[in-house]
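Please read this briefing beside the sequence and the model.

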Amino acid sequence: MCETIVNLDIVVPNQTRYLRLVGAIAEQLAKELDVKEDQRDTLAYHLNLALTEAVANAIQYSAPTDSNDTVRICLAVDDGYLSVRVFDHGGGFDLDAVPWTDLDELRERGRGIFFIRSVMDSVQYHKTESGNVLEMRKKIA
Amino acid sequence: MRVAKEVRDDRTVLSIQEDRIDAHNSGELKDLVLKTLEGGAQGVVIDLARVQFIDSSGLGALLSGYKNASLRSSGFALAGLQPRVRSMFELTRLHRVFDIYPSLQLALSA
């Protein structure tokens, strides 16, 4: 479990059909937060986007031969920050090696991390005993 | 992915009947646009009026359509972008790349 004051701990099969569900949960959580009214909808959309991209990445990087694999998502609110952690069990990737997207290049892929970096305050990716984790934080108060 | 397809004047309109385009259905959109172009469509308009959410894979599918249309000298336009969806194009500056119209009607009359 997440060791924070408020948390949601979610486990879904590593299938893209669940992106809608986790995105909707993220939006609903954002709408419950104590933020300015005119910022609430934008926060909700950004959280939906960041989580959708992160879970899609986790599915992409999870073990391809294990159809029973899952993606764990931990959403937490603590001390004015919203923390989102997405765990995967795959080989992982080097976040520091992912360059900022060249917006003048019309590549069909490669904007997921760009979106996450754009809408969240910080992004880290590291290995834990529970698997690889993409950790995103955003100040909400 | 649910898409309504119809030919209006000399263009093929693909009206997305989903509120989300993400990694779950963007591949279908990419394939559908490609098949439409391969079928000889001289111009394609994607009506996004019902779409409330698009992620990087959705933008990628639309970019694929844009590039495939350009290779065939076919037209490719987007219509009816909702504010959230438009913000994704602005964040990536892709609103400078695509022909974007406020509504399907305006796209067809252009």
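In helix 1 of chain B, Ser26(B), Leu29(B), Lys30(B), Val33(B), Leu34(B) and Leu37(B) meet residues of helix 2 of chain B, namely Ser57(B), Gly58(B), Gly60(B), Ala61(B), Ser64(B), Gly65(B), Asn68(B) and Ala69(B). Two residues are in contact if their C-beta atoms, placed from the backbone, lie within 7 Å. Helices (H or I, at least four residues) and strands (E, at least two) are DSSP runs, numbered from the N terminus.

This is a predicted model, in which local features need pLDDT of at least 70 and side-chain atom pairs count only at pLDDT 80 or more, while totals for chains, interfaces and linings use all residues. Residues are numbered from 1 along each chain as its sequence is written, and chains are lettered from A and ligands numbered from 1 in the order in which they are written.

**The helix pair in chain B**

- The residues of the contact of helix 1 with helix 2 of chain B divide into six nonpolar, seven polar and one charged. Ala, Val, Leu, Ile, Met, Phe, Trp, Tyr, Cys and Pro count as nonpolar, Asp, Glu, Lys and Arg as charged, and the others, Gly among them, as polar.
- The axes of helix 1 (residues 26–38) and helix 2 (residues 56–71) of chain B come within 8 Å and cross at roughly 10°. Axes are lines fitted to C-alpha atoms, for helices over the stretch in contact, and angles run from 0 to 180 degrees between N-to-C directions.
- Helix 1 of chain B is therefore roughly parallel to helix 2 of chain B (angles under 35 degrees count as roughly parallel, over 145 as roughly antiparallel, 65 to 115 as roughly perpendicular and the rest as oblique).

**Strands of chain B**

- Strand 4 (residues 43–47) and strand 6 of chain B run parallel and are joined by five bridges. Two strands pair if DSSP finds at least two bridges between them.
- Val45(B) stands opposite Ala77(B) in strand 6 of chain B.
- Strand 6 of chain B also pairs with strand 7 (residues 99–101) of chain B, in the parallel sense and over three bridges. Here Ala79(B) stands opposite Tyr101(B).
- Four of the five residues of strand 6 (residues 75–79) of chain B are buried. A residue is buried if 20 or more other C-beta atoms lie within 10 Å of its own, exposed if 12 or fewer, and partly exposed in between; C-beta atoms are placed from the backbone.

- Phe53(B) is found in strand 5 (residues 53–54) of chain B.
- Phe53(B) counts as buried because 23 other C-beta atoms lie within 10 Å.
- Leaving aside neighbours within four places in sequence, Phe53(B) is in contact with Gly23(A), Asn48(A), Asp19(B), Arg20(B) and Arg84(B).
- Phe53(B) and Ile21(B) are 32 residues apart in sequence, and their C-alpha atoms are 6.2 Å apart in space.
- Between the chains, 18 residues of chain B are in contact with 19 residues of chain A.
- On the side of chain B that touches chain A, the largest share, seven residues, comes from helix 2 of chain B. By class, this side has six nonpolar, six polar and six charged residues.

**The sheet of chain A**

- Chain A has an open sheet of five strands in the order 1-2-3-5-4, with antiparallel pairing.
- Strand 1 (6–13) and strand 4 (122–128) of chain A stand at the edges, each with a single partner strand, so one side of each is left without a neighbour in the sheet.
- The twist averages 15° from one strand to the next.
- Helix 1 (residues 19–32) of chain A packs on the sheet and touches strand 1 and strand 2 (70–78) of chain A.
- Strand 4 and strand 5 of chain A form a hairpin with two residues between them. Seven bridges join strand 4 to strand 5 (residues 131–139) of chain A.
- Strand 3 and strand 5 of chain A pair in the antiparallel sense over eight bridges, and Val84(A) has Met136(A) as its bridge partner in strand 5.

**The nonpolar cores**

- The largest nonpolar core has 35 residues, and Ala50(A), Leu51(A) and Ala54(A) are among those with the most contacts inside it. A nonpolar core is a set of buried Ala, Val, Leu, Ile, Met, Phe, Trp, Tyr and Cys residues joined through C-beta atoms within 7 Å.
- Helix 2 of chain A gives the largest share of this core, 12 residues.
- Apart from this core lies another, of 30 residues, among them Ile21(B), Leu62(B), Phe76(B) and Leu104(B).
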